[in-house]
Amino acid sequence: MRVAILGAGGLGSVFGAALALAGVDVTLIARPAHADAIRRNGLKLTGVRGEHLIREPLTAVSDPKDAEGEFDYLILGVKGKDTDAALESANCLKDRIRTALSFQNNVVKEEILTQWLGDPARVIGFSTIEAGNLVEPGHVHNGLTIPTTNYIGEMDGTLTPRVEALADAFNRAGMGTKAVTNIRQVLWEKLTQICGAAAWSVSCLAGGKELAYPDGLVVPEGAAHYVQVGRDALAVYKAMGYTPQNFYAPVSKLKELDTVDDFDAVEMVMELGRGMQAQGYRGTTSMHEDVRRGKKTEVDWIIKPLIDKGHELGVPVPTLTAAYRIIKTLDTYLS
């Protein structure tokens, strides 16, 4: 099996490292400084999977035209806002890849890949909750994994050998992965989960430079805001005909959020925050990290789609909309 990862920053390099450790031939297409460092010294992986230095079967290039040979899978890993530019740069690979997928946090990525390739049969759905960040060129940190961290499926709901083969490769790499027939629901539930988390974390914590995710959860007002933002997003998801499944348990709490009253929900969220603090967790959402770094966010890829779907279905989402307005204002002044 040969895999190319287009946009191998933090998370893309985590996937590449894990797959390479499992014996999969991986080509990372990364920024020049990162690719150069990997070619010189190998790829250093730290975090929840331990510390590793991977040199092979791993190749790093900074231009898609330098990716040699044919690939069974191309995984798109850039931010949503960088998708068009990344795919245009990779036009030279179109005829050398069999199947494309993306671990971006949105629900339009499969449609975009289909338009790029011109063939829906060459695209499969993919969702992950893995977390990775680029510490420095050549060094990535894997900050989060859970028992079932990836889902893969055909967009038409069938199970096929190519889906099962990729799921098997991820499982051999130590990334718990399920091949499923309901990947569309998984994608929408993942968006519901991260939309609430991102909208809450930036609107609550962006003013404090050193504040991490659990710091807001343990404050009663922060927990109450978390509950309401999450319930707005959840109301839209349910109006689409879906029932919360907690695909990403134990991180996901959508089923609980849907069934407990306001008081218990706030207590549940505060307890979650206290548990994170006890474990020493100091992470935050990708969108919050973008704001910290002064970078444009994915607010229109992650939050706006649920607001738009709410308007379409007649579901009011006042708290989510307020959070979106706050983040959109910040985003206007980010570079």
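Analyst: Helices here are DSSP runs of H or I with at least four residues, strands are runs of E with at least two, and both are numbered from the N terminus. The model is predicted, so local features need pLDDT of at least 70 and side-chain atom pairs count only at pLDDT 80 or more, while totals for chains, interfaces and linings use all residues. Residues are numbered from 1 along each chain as its sequence is written, and side-chain values use heavy atoms, with hydrogens and water left out.

On a 1 Å grid over the protein atoms alone, a cavity is a set of points where a 1.4 Å probe fits but cannot get out, whereas a pocket is an open set with protein on both sides within 12 Å along at least five of seven lines; lining residues have an atom within 4 Å of a point. Points are joined across faces, edges and corners, and a volume is the space filled by probe spheres set on them.

The count is 1 cavity of 30 Å³ or more, and the largest cavity has a volume of about 60 Å³. Its lining consists of Gln 104, Asn 105, Asn 106, Lys 109, Ser 127, Leu 187, Lys 190, Leu 191 and Ile 194, with α6 giving the most, 4 residues.

The second largest pocket holds about 280 Å³ of space; of its 17 lining residues, Glu 110, Glu 111, Thr 114, Met 155 and Arg 184 are the closest to its centre. Both α4 (109-117) and α6 (183-205) supply at least two residues of this pocket's lining, the largest share, 4 residues, coming from α4.
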